[in-house]
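These are my notebook entries on a predicted model. I record what I looked up, entry by entry.

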Amino acid sequence: MLDDLNLGVDWQTLDAAHHFHPFTDHKELHEQGVRLITSAEGVYLHDSKGNKIMDGMAGLWCVAAGYGRQELVEAATRQMTKLPYYNAFFKTTTEPTVLLATKLAEIAPEGFEHVFFACSGSEAVDSAIRSARVYWKTIGKPEKRFVIGREYGYHGSTILGASAGGMKDMHRQGGDLPYFAQVLPPYWYGKGGQMSPEEFGLYAARQVEAKIKEIGADKIAAFIGEPIQGAGGVLIPPSTYWPEINRICKENDILLIADEVICGYGRLGTWFGSDYFGIKPDLMTTAKALTSGYLPLSAVFVHDRVAEVLVNETGEYYHGFTYSGHPVSCALALKNIELIESEGLVQAATQKGEVLRAKLTAALGDHPMVGEIRGIGLIGAIELTADKRTRKFFEKNGRVGTICRDFCIENGLIMRAVRDTMVFSPPLIISDAEIDEFVVLAKKSIDQTYEKVKDEVTV
Ligand code: PXG
């Protein structure tokens, strides 16, 4: 056992010396010391200092079925013993890969009979965008290459994913590729001004139309959008947004890619975010909750209208990864989908989400620093504001969110801060008692934050 072999290891020093972390200011990390997570069960994490922490984020939005599920461990172990690896190149396949593709086609929205596998959300996004371009090239429109996304959109951290996304710091730091553009996100709370949410939803969608006119529809391959922008701050579009995007993509002959990496597999109380919003995608990218995060796996759903071209006309499609359709990941994913189904976790997300929001609203709705509590299913956000009447943000965006996040961790709750927006997406197995605990800890942390910054809040 790792525990037995490594007692007495100085984890902080070794980590600082050798481990380069994702999305981390290393100088700051080394000053503070890294937190070592050692085990987990249900919705709780344990760290090396003996703290028990409620994981209000389900890892990074992924641990839908909760930690410590022996069924998943056993499914992976069985497959590991029988066939730990083989690839899907050279006219071969493996049993779990076929079964998972079949199962995914069954739960997908109508018209998605084909699934391509990769390892991460970033690879899925890369695959979807390549597929869109190959589709247009195959049908004689190679100049359709541009991809339109949104500001605050997150589509991964490869150079393509970062280029498709609208995280300006990523573009500034690592550069971005040509043929990508971003438009206004449907973030009513932050960008809606005096418009009603419904008016703003249409307005934001029509920014996509304006960008299409500017670039020229004959040069655009696809629009890419998350049904709800997760990493951007759980930005929930007004009801008017997605129907208008459907219309715009259809009228301009542009493929619609729904990036379901966070929304997929039940989080919104539907199998996919596209089901919830009535989005009509041509491609859907998924990952995260597909395996509840236990192993890396992503799946790109290809609609029949695109698949027919790629299957019948493209010839060899020069694309794929060593681990595409990895049998162990697929065996685990199959069991994970079975658990989500048999335990009714998709329906639970709707019901628990309603309870969670009602309790948060009762506890924090009147709080002078809480501008909005929003959510669908078990994904949500709490806007911290300097003036709730005017939806004014604090000076130096992100400072108050960070204070609140640190109080949360001190109090035993993981809740992330995106700018000054507190975001949450607990495991779908969260119980009623755990929801009560979540609300108590969130309120305590927000109250402590308020004590620190209340001079800046207009009441
Ligand atoms: N698309 C979306 C919508 C995502 O949320 C990716 C693609 C990329 O997936 P991979 O597996 O390549 O990371 C994501 C990932 C955060 C956070 O802090 C969000 C993600 C990843 C890491 C951190 O909110 N989303």
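**Entry 1: the ligand shell.** I began with the helices that line the ligand. Helices α4 (58-61) and α7 (121-138) each supply at least two residues of the shell around the ligand. I then asked which of the 15 residues around the ligand come nearest. They are W61, G121, S122, D259 and R416. Sorted by class, the shell holds 6 nonpolar, 5 polar and 4 charged residues.

**Entry 2: polar atoms facing the ligand.** In D259, a side-chain N or O atom is 2.6 Å from a nitrogen atom of the ligand. For K288, a polar side-chain atom lies 3.2 Å from a nitrogen atom of the ligand.

**Entry 3: A58 and K91.** I next examined two backbone angles. Most residues other than glycine have a negative phi. A58 has a phi near 50°, a positive value in a residue other than glycine. K91 also has a positive phi, near 60°, and is likewise a residue other than glycine. I then checked where each one sits. A58 is found in helix α4, while K91 is in the loop between α5 (70-82) and α6 (95-107). Are they buried or exposed? A58 is buried, with a relative accessible area of 0%. K91 counts as exposed because its relative accessibility is 88%, and the cut-off for exposed is over 50%.

**Entry 4: helix α18.** I looked up the length of this helix. Helix α18 (residues 432-453) has 22 residues and spans 32 Å from its first C-alpha to its last. That is close to the 32 Å expected at 1.5 Å a residue. I also listed its buried residues, among them E434, I435, F438, V439 and L441. Y450 and V453 of α18 are buried as well.

**Entry 5: T24.** I found T24 in the loop between α2 (11-18) and α3 (26-32). Its relative accessible area is 31%, so T24 is partly exposed; that class lies between the 20% and 50% cut-offs. The side chain of T24 reaches the backbone oxygen of P22 at 2.7 Å. I also compared T24 with D436: 412 residues separate them along the chain, and their C-alpha atoms are 32 Å apart.

Entry 6: S329 belongs to helix α15 (residues 327-342). S329 is buried because its relative accessible area is 5%, and buried means under 20%. What lies 3.0 Å from a polar atom of the side chain of S329? I found the backbone oxygen of P296 there. E383 is in strand β12 (residues 379-384). E383 is buried, with a relative accessible area of 0%. The side chain of E383 makes a polar contact with the side chain of R374, at 2.9 Å.

Key
Residues are numbered from 1 along each chain as its sequence is written. This is a predicted model: local features need pLDDT of at least 70, side-chain atom pairs count only at pLDDT 80 or more; totals for chains, interfaces and linings use all residues. Side-chain values use heavy atoms; hydrogens and water are left out. A residue is near a molecule or strand if one of its heavy atoms lies within 4 Å of it. A polar contact is a pair of N or O atoms within 3.5 Å; within protein, one must be able to donate a hydrogen and the other to accept it, and residues adjacent in sequence count only if both atoms are side-chain atoms. Helices (H or I, at least four residues) and strands (E, at least two) are DSSP runs, numbered from the N terminus. Ala, Val, Leu, Ile, Met, Phe, Trp, Tyr, Cys and Pro count as nonpolar, Asp, Glu, Lys and Arg as charged, and the others, Gly among them, as polar. The expected span of a helix is 1.5 Å times one less than its number of residues. Buried means under 20% relative accessible area, exposed over 50%, partly exposed in between (1.4 Å probe, protein chains only).
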